[in-house]
Amino acid sequence: MSEQPGQGDGGTGREFAPATGGPAGPDGGPDRSGWRALWLGGGALLLTPFFFPVGLFLGIAALVVGIRARRRAGRRRASAPGAVGGIVLGAIGLAMASFWFAVTAFLWTELNGYQTCLTSANTTTDEKNCRDRYFTDIEKRLNLPAGSMSRYSDMF
């Protein structure tokens, strides 16, 4: 028999033990799925206030990638660094994006009318009239006290 490692009767070659120090990827390097989940979750959390549909998709992606990384690490009895953090951040980002989606859907007619009114406004007086009209509609829809939306006029 040959004296090369891995050939022969099994006793003459080098013993192959699983690598220590973390899970290995397909090429033997470290598995980065957990870190991808963490980045996706962080992106979901940061982008949701500005553009919630992106936060919604990134949150879902972070959950999927994080859960897969944890399952893969569990099968190998290894760790998945960043996976739990990615799952947590993805879940928070997904919850925030879902909340904003629900609020937008609930206030769709008021927000759409407000944007249409602002588009057709030519002067600052017209813009103020749009705010006065649609802010009262939003306050009624949300059962808020009259005038409570006026402090948020700079945001819209």
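**Close-up views of a predicted model**

**View 1. Helix 2 and helix 3 are roughly antiparallel to each other, because the angle between them is over 145 degrees.** In this predicted model, the axes of helix 2 (residues 52-76) and helix 3 (residues 83-106) come within 7 Å and cross at roughly 150 degrees, where axes are lines fitted to C-alpha atoms over the stretch in contact and angles run from 0 to 180 degrees between N-to-C directions. Helices here are DSSP runs (H or I, at least four residues), numbered from the N terminus. By class, the contact of helix 2 with helix 3 has 15 nonpolar, eight polar and one charged residues, with Ala, Val, Leu, Ile, Met, Phe, Trp, Tyr, Cys and Pro counted as nonpolar, Asp, Glu, Lys and Arg as charged, and the others, Gly among them, as polar.

**View 2. Thr48 lies in the loop between helix 1 (33-47) and helix 2.** Thr48 counts as buried because its relative accessibility is 1%, buried meaning under 20% relative accessible area (1.4 Å probe, protein chains only). Not counting residues up to four places away in sequence, Thr48 touches Gly55, Gly93, Met96, Ala97 and Trp100, contact meaning heavy atoms within 4.5 Å.

**View 3. The largest nonpolar core has nine residues in all.** Leu107, Tyr114, Cys117, Leu118, Cys130, Tyr134, Phe135, Ile138 and Met149 make up this core, a core being a set of buried Ala, Val, Leu, Ile, Met, Phe, Trp, Tyr and Cys residues joined through side-chain atoms within 4.5 Å. Helix 4 (108-120) and helix 5 (124-141) each supply at least two of its residues, and helix 5 gives the most, with four.

**Notes.** Residues are numbered from 1 along each chain as its sequence is written, and side-chain values use heavy atoms, leaving out hydrogens and water. Because this is a predicted model, local features need pLDDT of at least 70 and side-chain atom pairs count only at pLDDT 80 or more, whereas totals for chains, interfaces and linings use all residues.

Definitions and conventions: Parallel < 35°, antiparallel > 145°, perpendicular 65-115°, else oblique. Buried < 20%, exposed > 50% of the residue type's maximum accessible area, 1.4 Å probe, protein only.
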